[in-house]
Amino acid sequence: MKRILPHPERPAKPVLWRSLDELAAKPEFDEILEREFPQGAAEWQGGEMSRRNFLQLMGASMALAGIGMAGCRRPEAYIVPFTQGVEWTIPGKFLYYATAQPRRNGAMPLVAATSSGRPTKLEGNPLHPISNGATDTFAQAAVLDLYDPTRSRAVKREGTTADAADFAAKLEEIRAAAEANGGEGLAFLVERNDSPTRDRLLALLQSRFPRLMWAEYEPLGAAEAEAATAACFGPGTALAPDFNQADKVLAVDCDFLNASFSGIDQVRGFTARRRISEPGQPMNRLYVAETRYTGTGGMADHRLRIKPSEAGPLLRALGREVAALTGDSDLAAVAVAFPDSALSSDPQWIVECAKDLAASRGRSLVVVGDGQPVSVQVLALAINKALGSFGRTLRGMKVQRPAASSITELAAAMEAGRVQNLFILGGNPVYNAPADLRFGDLLGGISTTVRLGLHEDETSAACRWHVPQAHFLESWGDTRSADGTICAVQPMILPLWDGVSELEILNRLAGNPEPVGPQLVRETFAGIAKGADLEAAWTEFLRKGFLADTAWPGAPLNFNTGAAEGLASAHRMPAGDGFEVAFTPSSTIDDGRYATNGWLQETPDFATKITWDNAVLVSPVTAKSLGLADGDMVKISAGDTSIKAAAIVAPGHADGALSISLGYGRTTIAGAASEAGFNAYPLRTTKGMAFVSNASLRRTGDKYKFSETQTHQSMEGRDLVREATLSRYDEDPTFAQTMGMDGHIPPNISLFTHPKLDSPEQWGMAVDLSTCVGCNACVVACQAENNIPIVGKDQVGRGRIMAWIRMDRYFAGDEEDPEMLAQAIMCQHCENAPCETVCPVNATVHSEDGLNLMAYNRCIGTRYCANNCPWKVRRFNFFDYNQRPLDQLYFGPLAKKGMAESLQMSKNPNVTVRMRGVMEKCTYCIQRIEEAKITRSVKAGASDKSLVPFPEVKSACQQACPSESIVFGDIRNPDSRVAKLKAEPRNYQMLKYLNVSPRTTYLARIKNPNMAMPGADKVGWANGHPHHGGGHGAGHEPAHGAEHATEAHGH
Amino acid sequence: MANFFPSWTNWLPLKLLVIVFVLGGVVTAGIWYYFTPKYTNVGYMPTQPVPFSHAVHVEQLGMDCRYCHSYVEVAGHSNVPSTQTCMACHSQIKSASPKLAAVRESWATGEPVQWVRIHKAPDYTYFNHAVHVNRGISCYSCHGQINAMPVVYQAEPLSMSWCLDCHRAPENFLRPPAEVFNLNWRPASSADQLAMGAEYKKEWNINPPVTCGGCHR
């Protein structure tokens, strides 16, 4: 009896799609799909050397090597023990220290794993009150920043290497001068960091040199939001949203679900309310109004596309509705004060959204992006007041920050000649200061400019002195997390290249002797810590990484309506009918500070899937009207400045607006990122830090090649992601298991003998699509944990990216206003793995505990396994990416061989560094599993305790995930979290009809639309109608698989 | 009669013969080489910077393995002692011996002694000392009679098949926990070993991994 199970047809117009080419069914897209590895991926191409030449060369070198058989003999290796034992260090074991990464929006509490004195991996500090042990992409990639071989290594004076003693002398000279004139002409420009020690040293400096100028600049800071908060609630007040308490959330131009820009606690708070385990459970609802698609927009139940300038009018209209519904006179006054202007959005959207928010008074929240002007910020605060958010979903905190001037004030002082000695500690203002300040030019007129930086960048080039900065993993310090808790910053390693920290420079300027070790921080600590036993408190501080009960105290939120009215009435709508250009933070390299970090550069932006570049995002409608296609170079002009950049058509983008992410187009970067992207900072002025209006756009006629990953290894529309509305889930909880083909398949039989899965533990993973934001933390965590090399832009373009986790991004619906879905795909560890049956050398086999193993030393690189993998998760090392410089990949044996010494230090010692010609893929972090098993056995010793229930093993992706969407564990243990998730009705296998029995399963995404909203009928139907829906018309029906489930379809 | 075969074929049989001989030779040489202890480095005995004698320290002085290899029971890597460990005794004993010049120099300069590595698993193989010594496998099983070696050499091939011999039948090597670091201990007979090993294996749930992932990560 023959069973034919045809793959579902690819619909002519797919419901779920990954790129516009796929939606339009362009032949180029099919061609990419047809080839397992893209055109030429398997061929020797590029460079001047043909394959034949290469073989000749190789033959010759092998013949030479063969003489005397010297190449066959094992080289002599050495064991180099310590001269003197190092405290706590056990060779071969990780040693963990608590530390923290200072950030502008509050420190990221971390635990660093060090191996023989070198940090190799960072995890979140689970003890810290606002961390659940999770991290984000920036924290995961910080290790690579530390070992970055392009970091600056020497003190430079006017561009030439100088002696550190010369700099010390200069510092002393400046100090003596300041001592004499009270700090006249002395100025500092620093980054935001709530460091108690820095504050203490500043106070000390100010007491000695009362006339010094202290300025702070963050290109993506929250100056507008802070100004609004200060005006409405009094200075020194800060706000902390509590998404865990919010049933209804409206986010306007605010990507709060990106933990890098908000905080781990905000993502966790929101997604906790998104996680449902059984029908009937309530769920929060998210409204988003934004310009381009962000992860937050992808999670939205209702999303409105607005131009950045429309945030104000939108909130005004919403505010009037809310004021009417709640009878709040303060809000009414503020909304009236805000100047009226036309709004193109559907008024019903606003009315219904307002109704829904007002219906959950005290349990709703409105958040606005940090970049929006202060007038819009106060409007949102007034709405929150009317909604009763204060004290519930929005809490006040009393913060203590030293007063700091803005960069505008500093620039004015520089222009007026009031600055003679300027210290730029961190940051890169020449590159990222508002363009109208002409900061770089101003620097030329200052007699002494000292720059402390990790890299020799644009600012270093414009300064007289450059001093290498110590990375936060190399220096002592302290900082505060967003809630105000003081965190310890501990060095994991001595400065690799003689870097000094900001604190050391300030300390020297204060005339203090050079501190020994943590002395500086400890002095501050002594002034803060309570209790008699300071030594014990200090030890506890370092051990736990933070000082408990130091969070900012709560503050009552008394809304100052008059001030708010005044600010709101000052709002100016941009004039002119040109384009609005929104400046967005880069989800991968932030404001440009991580531009040298290959892990981050190679992480595809979640929405655009572009690596190593940024792009001008244009909506499909606008692109059509301008005749723009992906990769067209455009010239954007605003005022008298213009930039050139390449455009990309972005589904879901607001019409009439453009978005470009900041941080790219750096000019002073060496290495792989030297030509990455386009600099948008020249368009950004003090008049509009979030967006510039009335810009014009012109095609230059040139084309630019992006390296996108969105069409790599695409899996055609086969209901891989599954989604439903909350009401559908409540009616039919198992909808995900009967969707698409899954309702039709007869019981599966396998032709292959199954591996014996007889271990007491059986590993598996569940990924909850309801809470996955697509933030890429897992992708970078995996890269850090598993020694995954980067391949460079050119190789990514050829489809050779090595990342073991692919963050798939799907669009659903029409191209103008689609839904967006995220799905992390890694090796699914199929029980009937198709890769295993085709490997000619048994390099990929199954273990008794359900892992699909990859024995690198057996692999001969046939790539059959990758061809036969239905998930396309296997990665082939075409070149020796770990060993070769990325610009010499095609030089064959002439290429420089060997990794930079500092990069060797960054590798995880427990994972093989794979070589060329070897297939690799996700291992479920087998090194962590084996470590746990060994620990258990060692503990058992000569007893039978070696099978006690397993200590918790977390995979690196799970540990990093801020939303706890990835859960790994023993599926045979019914009490494990993963087993419980797999027992949920939302749980489904991808491509179930193939009978490969993947160990990784997904939990279908649930959306919670408000049926009164316009377009609500389209929300939550990403899968559309069932696969053979020819006769079903275009209507969105529930999958009707259930009635077929028992039907025998065998023929 | 026309030539059926072009003239170059005249040399073909000879060429074939040469190729067969060369190929045969290569195969023979390959097998000869790869199956000899030379390839697996059994007997590899490099000259060390310090003529350290295990025989003197363990057999004559009765020192325990773990005095120097102090982390063998807790870490995957069995540490080679730091200079400090050597100097703990040798600052008093034989403090002027020329044989210890390298150790004293290391202590004075802070530069570590560079011992030549003898036992080496490939980089893609993760051997863990702690789990072996805690579960009844003696140092002896892999390092041989190292306690009696005046100069250390590699006693066993450390090849994968050699590893698997034990992983597939650990009962042949399991010994009483108290005798793990007693390298002179021998079972009364091979039958005794088998009986005792089988009992330990059952009692302690010894189930060494034989899948790739046990050692290759």
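A residue counts as buried if 20 or more other C-beta atoms (placed from the backbone) lie within 10 Å of its own, as exposed if 12 or fewer do, and as partly exposed in between. You're working with a predicted model, where local features need pLDDT of at least 70, side-chain atom pairs count only at pLDDT 80 or more, and totals for chains, interfaces and linings use all residues. Residues are numbered from 1 along each chain as its sequence is written, while chains are lettered from A and ligands numbered from 1 in the order in which they are written.

**Exercise 1. Work out the build of chain B.**

Step 1: Start with burial. Of the 217 residues in chain B, 26% are buried.

Step 2: Check the radius of gyration, taken over C-alpha atoms, against the globule rule of 2.2 Å times the number of residues to the power 0.38. Chain B comes out at 25 Å, whereas a compact globule of 217 residues would be near 17 Å.

Step 3: Look at the extents. The C-alpha trace of chain B covers about 95 × 50 × 35 Å along its principal axes.

Step 4: List the elements, which are DSSP runs numbered from the N terminus: helices (H or I, at least four residues) and strands (E, at least two). Chain B has ten helices and one strand, in the order α-α-α-α-α-α-β-α-α-α-α from the N terminus.

**Exercise 2. Describe how chains A and B meet.**

Step 1: Count contacts (C-beta atoms, placed from the backbone, within 7 Å). Here 39 residues of chain A touch 41 residues of chain B.

Step 2: Find who contributes on chain A's side. Strand 2 (78-79) and helix 30 (926-940) of chain A each give two or more residues, and helix 30 of chain A has the largest share, six residues.

Step 3: Look for strand pairing, which needs at least two DSSP bridges. Strand 2 of chain A and strand 1 (residues 115-116) of chain B pair antiparallel over two bridges, with Ile79(A) opposite Trp115(B).

How values were computed. Contact = placed C-beta atoms within 7 Å.
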